[in-house]
Amino acid sequence: MSDFSYIFNKDKQSYSVVGYSGSSTEIIIPTVYNGVPVTNIYNRAFFCERITKITIPDSVKHIGNYAFCGCNSLSQVVNFSKITSVSTE
């Protein structure tokens, strides 16, 4: 069972991470879910989570609004190089 929640994107070829229910403070976003790429981190996906470190795979291209809002302990982001857009609204 995954600690992440997902939605199938409108393109029907990829998933977005929409939430996290695990207890780990150091998390790794999967590259694929059900054999399909994970390409987005949805709006407020990690809102007020107590994460300290997140690893984002190269498959992720977009980070939604307030995805890490309230993550006051987040001090390390790994593998951020393939992101093509970050919502700032």
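## A guided tour from strand E2

Begin by selecting strand E2: five of its six residues are buried, so this strand is largely enclosed by the rest of the structure. Buried means under 20% relative accessible area, exposed over 50%, and partly exposed in between, with a 1.4 Å probe and protein chains only. Strands (E, at least two residues) and helices (H or I, at least four) are DSSP runs, numbered from the N terminus. The model is predicted: local features need pLDDT of at least 70 and side-chain atom pairs count only at pLDDT 80 or more, while totals for chains, interfaces and linings use all residues. Residues are numbered from 1 along each chain as its sequence is written, and side-chain values use heavy atoms, with hydrogens and water left out.

**The whole chain**

Display the entire protein chain next. Its secondary structure comes to nine strands and zero helices, in the order β-β-β-β-β-β-β-β-β from the N terminus on. The radius of gyration of the protein chain is 12 Å, close to the 12 Å that the globule rule gives for 89 residues, so the chain is as compact as a globular protein of that length. This radius is taken over C-alpha atoms, and the globule rule is 2.2 Å times the number of residues to the power 0.38. Along the principal axes, the C-alpha atoms fill a box of roughly 35 × 30 × 20 Å. Of the 89 residues, 36% count as buried.

Return to strand E2 and select Gly 19, which lies in it. Is Gly 19 buried or exposed? At 10% relative accessibility, Gly 19 counts as buried. Now show its contacts (heavy atoms within 4.5 Å). Not counting residues up to four places away in sequence, Gly 19 touches Asp 3, Phe 4, Ser 5 and Ala 45. Asp 3 is 16 residues from Gly 19 in sequence, and their C-alpha atoms are 8.4 Å apart in space.

Two strands pair if DSSP finds at least two bridges between them. Within this pair, Ser 5 stands opposite Gly 19. E1 and E2 form a hairpin with six residues between them, and Lys 12 in the turn has a positive phi of about 55°.

**Across to strand E5**

Which strand is joined to E2 by three bridges? It is E5, and E2 (residues 15-20) and E5 run parallel. To locate this pairing, select Tyr 15, which stands opposite Val 38 in E5, and then Ser 16, which stands opposite Asn 40. Strand E5 (residues 36-41) is mostly covered, with five of its six residues buried.

**Further partners of E5**

Select strand E4 (residues 32-33), which pairs with E5 in the antiparallel sense over two bridges. Here Tyr 33 stands opposite Val 36 in E5. E4 and E5 form a hairpin with two residues between them, and Asn 34 in the turn has a positive phi of about 55°.

Finally, select strand E7 (residues 62-63): two bridges join E5 to E7, and these strands run parallel. Asn 40 stands opposite His 62 in E7; Asn 40 is also the residue of E5 that Ser 16 stands opposite.
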